[in-house]
Amino acid sequence: MEIRTTPNSRPREQIAALPYRVEKDRLMILLVTSRGTGRWVLPKGWIEASDPDPAEAAAREALEEAGAVGDAHKSSVGTYTYLKLLDSGESALCNVRVYPLLVKRQLKSFREAGQRVLEWFSIEDAADAVKEPELADLILKFDISHR
């Protein structure tokens, strides 16, 4: 399949949640599958006008895509880039700012339930599961002691 990029070369801005919990003294990361390609990703999307700030936008995405409810950290842990396939068949470069979300509970019923697979991974396994090298590095460097 040929990938065509959009004429606008400026990256589009997105936000993502890095949902995490501690399980038996082990840090776990929640990944979801993308609806289009089925690859493992963080819950992510666009900031909406109704979002009070980027961290809350990331928390909203985690709720919509994974049913994850928790405390969003106001500071980003970094960014990564990827090519998003658009409905037009073109792709757009996206710059994604990542905000940790300490997951307190997971809902069984949520907006995109049934559209994605959800799985908790160890840090190392989460980094291996994602395809974007920058995201894998960001996951491996994530340290909750600085939160």
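This is a predicted model: local features need pLDDT of at least 70, side-chain atom pairs count only at pLDDT 80 or more; totals for chains, interfaces and linings use all residues.
Reader: Which residue caps the N-terminal end of H1?
Author: Look at the backbone nitrogen of Ala55. A side-chain oxygen lies 3.1 Å from that nitrogen. The oxygen belongs to the capping residue, Asp53.

Reader: How far apart are the end C-alpha atoms of H1, and why does that agree with its 13 residues?
Author: Count 1.5 Å a residue. The expected span uses one less than the number of residues. For the 13 residues of H1 the span should therefore be 18 Å. The distance in the model agrees: the end C-alpha atoms are apart by 18 Å.

Reader: Is H1 mostly covered or mostly open, and how many of its 13 residues are buried?
Author: H1 is mostly covered. Its buried residues include Ala55, Arg60, Glu61 and Ala66. They pack against strands S2, S3, S5, S6, S8 and S9. Out of 13 residues in H1, the number buried is ten.

Reader: How much space lies in the largest pocket?
Author: Its lining includes two or more residues from each of strand S5, helix H1 and strand S7. Ser34, Tyr82, Lys84, Leu85 and Arg116 lie nearest its centre. The space in this pocket is about 770 Å³.

Reader: How many residues of that pocket's lining are charged?
Author: The largest pocket is lined by 28 residues. Eight are nonpolar and six are polar. The charged residues number 14.

Reader: Which side chain does the side chain of Gln14 join in a polar contact of 2.7 Å?
Author: Gln14 lies in strand S2. Its relative accessible area is 4%, so Gln14 is buried. Beyond four places in sequence, its contacts include Lys44, Trp46, Lys84 and Cys94. The polar contact of 2.7 Å is with Tyr82.

Reader: Is Glu132 buried or exposed, and what is its relative accessible area?
Author: Glu132 sits in the loop between helices H2 and H3. Its side chain makes a polar contact of 3.1 Å with the side chain of Arg39. Glu132 also touches Tyr80, Thr81 and Tyr82. It is buried because its value is under the 20% cut-off: the relative accessible area is 9%.

Reader: Why does Lys24 count as exposed, and what is its relative accessibility?
Author: Lys24 is in the loop between S2 and S3. Its phi is near 55 degrees, positive in a residue other than glycine. Exposed means over 50%. Lys24 therefore counts as exposed, at 82%.

Reader: What is the phi of Asp25?
Author: Asp25 is found in the loop between S2 and S3. It is exposed, with a relative accessible area of 80%. Its phi is positive, although the residue is not glycine: near 60 degrees.

Reader: What distance separates the C-alpha atoms of Arg105 and Arg10?
Author: Arg105 is in strand S8. Leaving out residues up to four places away in sequence, Arg105 touches Gly67, Ala68 and Val69. Arg10 is 95 residues from Arg105 along the chain. Their C-alpha atoms are separated by 37 Å.

Note on methods: Residues are numbered from 1 along each chain as its sequence is written. Side-chain values use heavy atoms; hydrogens and water are left out. On a 1 Å grid over the protein atoms alone, a cavity is a set of points where a 1.4 Å probe fits but cannot get out, and a pocket is an open set with protein on both sides within 12 Å along at least five of seven lines; lining residues have an atom within 4 Å of a point. Grid points are joined across faces, edges and corners, and a volume is the space filled by probe spheres set on the points. Helices (H or I, at least four residues) and strands (E, at least two) are DSSP runs, numbered from the N terminus. Ala, Val, Leu, Ile, Met, Phe, Trp, Tyr, Cys and Pro count as nonpolar, Asp, Glu, Lys and Arg as charged, and the others, Gly among them, as polar. Buried means under 20% relative accessible area, exposed over 50%, partly exposed in between (1.4 Å probe, protein chains only). Contact means heavy atoms within 4.5 Å. A polar contact is a pair of N or O atoms within 3.5 Å; within protein, one must be able to donate a hydrogen and the other to accept it, and residues adjacent in sequence count only if both atoms are side-chain atoms.
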